[in-house]
Amino acid sequence: MKHLRYLNKYFYKYKWWIVPGVFFVIISNIFGVVPAQVIGFAFNLITENLSIYKLFAGFDRQEIVYDIFSAGLLYFGTVVLVLYLLRGLFMFFMRQTLILMSRHIEFDMKNEIYAHYQELSLGFYRRNNTGDLMNRATEDVNRVRMYVGPAIMYALNTAVQVVLIVYFMFNVNGTLALYSLAPLPVLVLTIYYVNTGIHDKSEKIQQRLSSLSAFVQERLSGIRVIKSYVREAQTREAFALQSEHYKGESMKLVRLQALFYPAMLLLVGLSTILTVYIGGRQVINGSISAGNIAEFIVYVNQLTFPVTMLGWVTTLIQRAAASQKRINEFLQLRPDITGGTIASGTLEGGIEFKNVSFTYPDTGIQAIRDINLKIRPGQFVAIIGRTGSGKSTLANLLMRMYDTDQGMVCIDGTDIRERDLQHYRSQVGFVPQEVFLFSDTITNNIAFGLDQPDQEAVRNAAKNAAVYQNIVAFEHGFETMLGERGITLSGGQKQRVSIARALIKEPRILVFDDCLSAVDTKTEEEILGNLGHVMKGKTTLLIAHRISTIKNADLILVLENGQIKEQGTHAELLGLNGSYAEMYTSQLLEEEESKIK
Ligand SMILES: Nc1ncnc2c1ncn2[C@@H]1O[C@H](COP(=O)(O)OP(=O)(O)OP(=O)(O)O)[C@@H](O)[C@H]1O
C-alpha cells in the first residue's frame with residue numbers, strides 16, 4: 001500500500017475534483033436510501049386502505065375509497081420516481097468528477113513515465129525489454145487508474161451507503177437489523193475470495209495472451225524464413241499448443257465466474273428470508289409494521305451491490321499497489337549518463353581519447369582497452385577491424401551512449417562529461433550500424449533531427465547521400481510512406497536515407513558506423529564523392545569493412561581486440577606490411593575472383 005502514496009501528489013493537484021465528488025457521493029446516496037422509507041410507508045398505506053376498502057364492501061362509498069387509494073399510490077410512486085431520478089443525476093455528477101479526475105491522473109502519469117523513459121540511458125534499454133517498458137506505461141497505469149477512479153469512488157459510495165442504511169435499519173428495529181445484516185459479512189468474504197481467484201486466473205490468462213501475441217508477432221515478422229524453410233506446419237502446431245494453454249486458463253476462469261453470481265444471490269436470498277421470517281414474527285408481536293419489512297427488503301437489496309463492490313475494490317487496490325510498485329521502480333531510476341554544463345558555441349570538432357578502456361556492464365566484455373587517439377578538427381578518420389574488435393563501441397563512447405570506465409574522451413580539449421548532452425549530441429551526426437527508420441514519410445525521416453522540416457534541405461541531404469534518384473522514382477516521391485504502412489526500402493536505400501538524416505543536421509562531427517555495407521561499390525564511390533564536400537571542415541569518423549571505402553582517409557586506425565593495432569594513411573599502412581596490408585591483399589583477391597566468376 002505504501003507504493004500508492006506516490007499518487008498523493010495527484011490527489012492534491014486534483015483536490016477540487018475530489019471535494020465536489022465526495023459531496024455528490026453523499027447526496028446521491030441520500031436520494032438512494034430515502035425511497036425505501038417511502039416504499040415502506042406506501043406499503044403500510046396499502047394494507048390499511050385494503051381493510052378500509054373491504055369494510056365498505058357493497059356500499060357506493062367503496063368507489064371513493066378506491067379513488068383516494070389509487071391517488072395516494074400514484075403520489076408515492078411519483079415521489080419514489082423523482083427521488084431515484086435525483087439519485088441518478090447526482091450519480092452522474094459523481095462519475096463526472098471522480099472518474100474524470102482518474103482520466104486526468106492517467107494522462108499525467110503516462111506523460112510522466114514517458115518523459116522519464118526518454119531521460120534514461122541506453123544501458124537501461126538494454127537491461128529491460130520493450131514489452132515490459134510498454135506494460136508499465138500502459139497496463140500498469142491503467143490498473144492504477146482503476147484505483148484512483150472507480151476503486152475510490154465505489155469505496156466512498158459503499159461506505160456512505162452502508163452507514164446510511166445501517167443507521168436507518170437500526171432506527172426501525174435493532175433485532176431485525178442484526179438478523180438482516182448477519183449474512184452480509186459472509187457475502188463480503190465469499191466475494192473477496194472468489195474475486196481474488198478470478199483475479200489470479202485473469203492474470204494467468206493475460207500472461208498466456210501476451211505470450212500468444214508475442215509468438216504470433218514474431219512468427220509473422222519472420223514469415224519469410226518460415227516459408228523458405230517450409231516450417232508452416234510446425235509453426236501451426238506450436239501456435240495450436242500456445243492457444244491450448246490459453247484456452248485451458250480461460251476455462252478455469254469461466255468455471256469460477258459461474259460460481260460468482262449464484263453464490264451472491266444465495267446469500268442475498270438468505271438475508272431476505274431472514275428479514276421476512278424475523279420481521280414477520282415482529283409484525284405479529286406488533287413491534288414493527290408490515291411496511292417496515294418491505295423497507296428492509298429494499299435495504300438488503302440495496303446493500304448487495306456495494307458489498308459486492310467491496311470485494312472488487314479490495315482486488316483493485318491490491319492490483320494497483322503492485323502496478324504502482326513497478327512504476328515507482330522505474331521512476332526512481334536515475335539516468336547513468338547525465339550532461340554537464342558546457343553548452344555554448346559551436347564545436348570545432350577536435351576529438352581525443354586518453355587512455356580509454358570500457359567494459360560492457362551487462363556482459364562484462366572488455367570492448368576497448370587503453371586507447372589513445374587524437375583527431376584534429378576537420379580530419380577524416382577511418383576505422384577498420386575484424387568483427388567484434390570494438391569499432392561500434394568506440395562510436396558509442398564518442399556519442400556518449402556509455403561512459404568510459406577508465407580514461408576520458410575529450411571534445412575540443414574538454415572532457416565530454418562536462419558538456420551539456422543535448423547541446424553536444426545536436427552537433428554530431430550519427431549513422432548507426434543498424435538502420436532504424438520510422439513508419440513515416442521519407443521527408444519526415446530525413447528531417448527527423450530538424451525542428452522545422454525544410455524541403456530544400458531534405459532534397460540536398462538526399463542528393464548527398466546518393467538516394468535522391470531512388471526517391472523521386474517512387475510514385476509519391478519524398479512523401480512516400482515507409483515501414484509497415486508503406487513501402488519497404490532495400491537495405492542500401494535504408495542506409496542512404498539514414499545517412500541523409502545525419503547530413504541534414506549539418507553537424508560538426510560525423511560518425512558513420514559501417515553504414516555503407518549494403519551499397520554497391522559504384523554507389524559507395526558516389527556517396528564518398530558527395531561526402532567529400534559535405535565533410536569539408538567537419539571531423540568525420542567512418543567505420544567500414546572494405547578498404548575501398550576508406551583508402552582516402554587522412555588517418556586509418558586498425559582495431560584488434562579493442563586496441564589500436566596499426567595507424568597511418570593507406571600508403572603508410574601498406575608499407576607496414578601488417579594486418580592492414582593482409583586485409584587489403586585478401587580483399588583484392590576476393591574482388592578479382594568475383595570478376596572472373
Ligand atoms: N551493448 C552491448 N552489451 C554488451 N556487449 C556488447 C554490446 N555491444 C557490443 N558488445 C560486445 O563488445 C565487443 C565489441 O563489439 P563492437 O560492436 O564494438 O564490435 P565491432 O567492431 O563494431 O563489430 P562489427 O564489425 O561486427 O560491428 C563484442 O565482443 C560484443 O559482443
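**Entry 1: a strand pair.** I began with strand E1 (residues 351-359) and strand E4 (residues 406-411), which pair in the antiparallel sense over 5 bridges. I kept in mind that this is a predicted model. Looking along the pair, I found Glu 352 opposite Cys 410 in E4.

**Entry 2: the whole sheet.** Next I asked myself in what order the strands of the open sheet come. The order is E2-E1-E4-E5, so I noted 4 strands with antiparallel pairing. I then looked for the edges, and they are strand E2 (366-375) and strand E5 (414-415), each pairing on one side only.

**Entry 3: around the ligand.** How many residues surround the ligand? I read off 16, and the closest are Tyr 360, Thr 387, Lys 391, Ser 392 and Thr 393. Sorting the shell by class, I got 9 polar, 4 charged and 3 nonpolar residues.

**Entry 4: annotated spans.** Residues 21-44 are 100% helix and 0% strand, with the end C-alpha atoms 36 Å apart. Residues 64-86 are also 100% helix and 0% strand, and here the end C-alpha atoms lie 33 Å apart.

Conventions. Residues numbered from 1 in each chain as written. Predicted model: local features only at pLDDT ≥ 70, side-chain atom pairs only at ≥ 80, totals over all residues. Pairing = 2+ DSSP bridges. Helix = DSSP H or I, 4+ residues; strand = E, 2+ residues; numbered from the N terminus. Near = placed C-beta within 6 Å. Nonpolar A, V, L, I, M, F, W, Y, C, P; charged D, E, K, R; others polar.
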